[in-house]
Amino acid sequence: MFPETKWRAHVADFFAMGGYGAYLWPSYAVFVVVLAIDALATSLRRRRVLTELRGKLKRREAREMTP
Amino acid sequence: MNPFVLWFHKIGSPPTFYRIAGAFVPWLFGIAIALGAVALYGGLVVAPRDYQQGDAYRIIFVHVPCAWMGLFAYGFMALNAFIALVWRIKLSEILAMASAPIGAAFTFITLVTGSLWGKPMWGTWWTWDARLTSELVLLFLYLGVIGLYHAIEDRRQAARAASFLALIGIVNVPIVHFSVNWWNTLHQAQTVRLLGPSKISGDMLWPLLTMTLATHIWFFASLLARSRVGLLELEGGKDWAREVALADVPGNKMARARG
């Protein structure tokens, strides 16, 4: 056997996870994706809150400028 | 005032907390991700195959740490809810409300990975046994707290009402934990113990404990990040929040580094 095919078989074996790959990989995917959403949602909300705050400040400034 | 109380007041003041938490957040996220990667390598590559469950048991490395975090986050939320209700500390309200979505995320992962583990091992995705049902109740409690917090207009009143619900729901935490002992369930009993020997071999145990540490650090990273946003929202009219908003203009990298 060539080393490359051997390596490929090794990788395929790893992803098959003894026939349980169809259950195992989705569990790991859910874990990674849900936590990524957890962090991402916060940074999006932070950006939105800051934008709203700046808008509020700008409107107040405009009100104070007009007599 | 004694120095400890003074220190606590200083840390607990929104602008100070915002600044200090901001310095910790990227480090905590970074350490959590690095530890998580090591644990995944340990769990998927280094740990040997289980003699009974084959490779399917490897779901344990995400399922169990998330299950623990679901309960830990609830405990943390309830503790802060208690402080918020008794001493009316603003920061505690924010911390309690920030832990709810993180706890809900971990509980959701626990339920989904448990279902994916149950199918090949028990032959079913779901069964209404004590452990699974109480874990689902835990998720609904989190969703109830989040929902109630967003249903009331006044932010501080909303936080207090949701804190009250969180405190009542604490009765479910021991039920989840002891359900495998109190009732006959399909769910296997505890394998890892704090007191006494664990029923698991060392090369399976270290990835599990590393992932447990990683999820704890992730919880605090996310908690601090969420609390910062919560404080900004709550104190939008105050000077410090105004300064943060004006310093943190998109595209202005220097200002963002300082903020």
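G118(B) lies in helix α4 of chain B, where helices (H or I, at least four residues) and strands (E, at least two) are DSSP runs, numbered from the N terminus. The model is a predicted one, in which local features need pLDDT of at least 70 and side-chain atom pairs count only at pLDDT 80 or more, while totals for chains, interfaces and linings use all residues. Residues are numbered from 1 along each chain as its sequence is written, and chains are lettered from A and ligands numbered from 1 in the order in which they are written.

**Two residues as a starting point**

G118(B) is partly exposed, with 19 other C-beta atoms within 10 Å; a residue is buried if 20 or more other C-beta atoms lie within 10 Å of its own, exposed if 12 or fewer, and partly exposed in between, with C-beta atoms placed from the backbone. Leaving aside residues up to four places away in sequence, G118(B) touches T124(B) and W125(B), a contact being counted if the C-beta atoms of two residues, placed from the backbone, lie within 7 Å.

L132(B), by comparison, is found in helix α5 of chain B and is buried, with 21 other C-beta atoms within 10 Å. Again not counting residues up to four places away in sequence, L132(B) touches W126(B), T127(B) and H187(B). The C-alpha atoms of L132(B) and L35(B) are separated by 28 Å, and these two residues are 97 residues apart along the chain.

**Chain B as a whole**

Chain B has ten helices and zero strands, and its C-alpha atoms fill a box of roughly 60 × 40 × 40 Å, taken along the principal axes. Of its 259 residues, 39% count as buried. Among the contacts in chain B with a separation of 6 or more, 75% come from residues 24 or more positions apart.

**How the helices pack**

| Helix pair | Angle | Axis separation |
|---|---|---|
| α4(B) and α5(B) | about 150 degrees | 9 Å |
| α5(B) and α6(B) | about 160 degrees | 8 Å |
| α2(A) and α8(B) | roughly 20 degrees | within 9 Å |

Angles under 35 degrees count as roughly parallel, over 145 as roughly antiparallel, 65 to 115 as roughly perpendicular and the rest as oblique. The crossing of α4(B) and α5(B) is left-handed, a term used if the near helix is turned anticlockwise from the far one by less than a right angle, and right-handed if clockwise. Residues making this contact include M97(B), G103(B) and F108(B) of α4(B) and L136(B), Y142(B) and I146(B) of α5(B). By class, the contact of α4(B) with α5(B) has 14 nonpolar, three polar and one charged residues, where Ala, Val, Leu, Ile, Met, Phe, Trp, Tyr, Cys and Pro count as nonpolar, Asp, Glu, Lys and Arg as charged, and the others, Gly among them, as polar.

α5(B) and α6(B) are likewise roughly antiparallel to each other, and α5(B) passes α6(B) in a right-handed crossing. This contact is made by G144(B), V145(B), L148(B) and Y149(B) of α5(B), together with residues of α6(B) that include A158(B), A162(B) and L165(B). The contact of α5(B) with α6(B) has nine nonpolar, one polar and no charged residues.

**Between the chains**

The contact between the chains takes 23 residues from chain A and 31 residues from chain B. On the side of chain A that touches chain B there are 15 nonpolar, three polar and five charged residues.

With the axes of α2(A) and α8(B) crossing at roughly 20 degrees, α2(A) is roughly parallel to α8(B). The crossing of α2(A) past α8(B) is left-handed. Among the residues that meet here are D38(A), R45(A) and V49(A) in α2(A) and W218(B), R226(B) and E233(B) in α8(B). The residues of this contact divide into eight nonpolar, two polar and five charged.

**The nonpolar core**

A nonpolar core is a set of buried Ala, Val, Leu, Ile, Met, Phe, Trp, Tyr and Cys residues joined through C-beta atoms within 7 Å. The largest has 77 residues, and those with the most contacts inside it are I59(B), A73(B), M77(B), M97(B) and A221(B). Helices that each supply at least two residues of this core include α2 of chain A and α3, α4 and α8 of chain B, and α4(B) gives the most, with 16 residues. A73(B) touches S99(B), I102(B), G103(B), F106(B) and F219(B), not counting residues up to four places away in sequence.

Note on methods: Axes fitted to C-alpha atoms, helices over the stretch in contact; angles between N-to-C directions.
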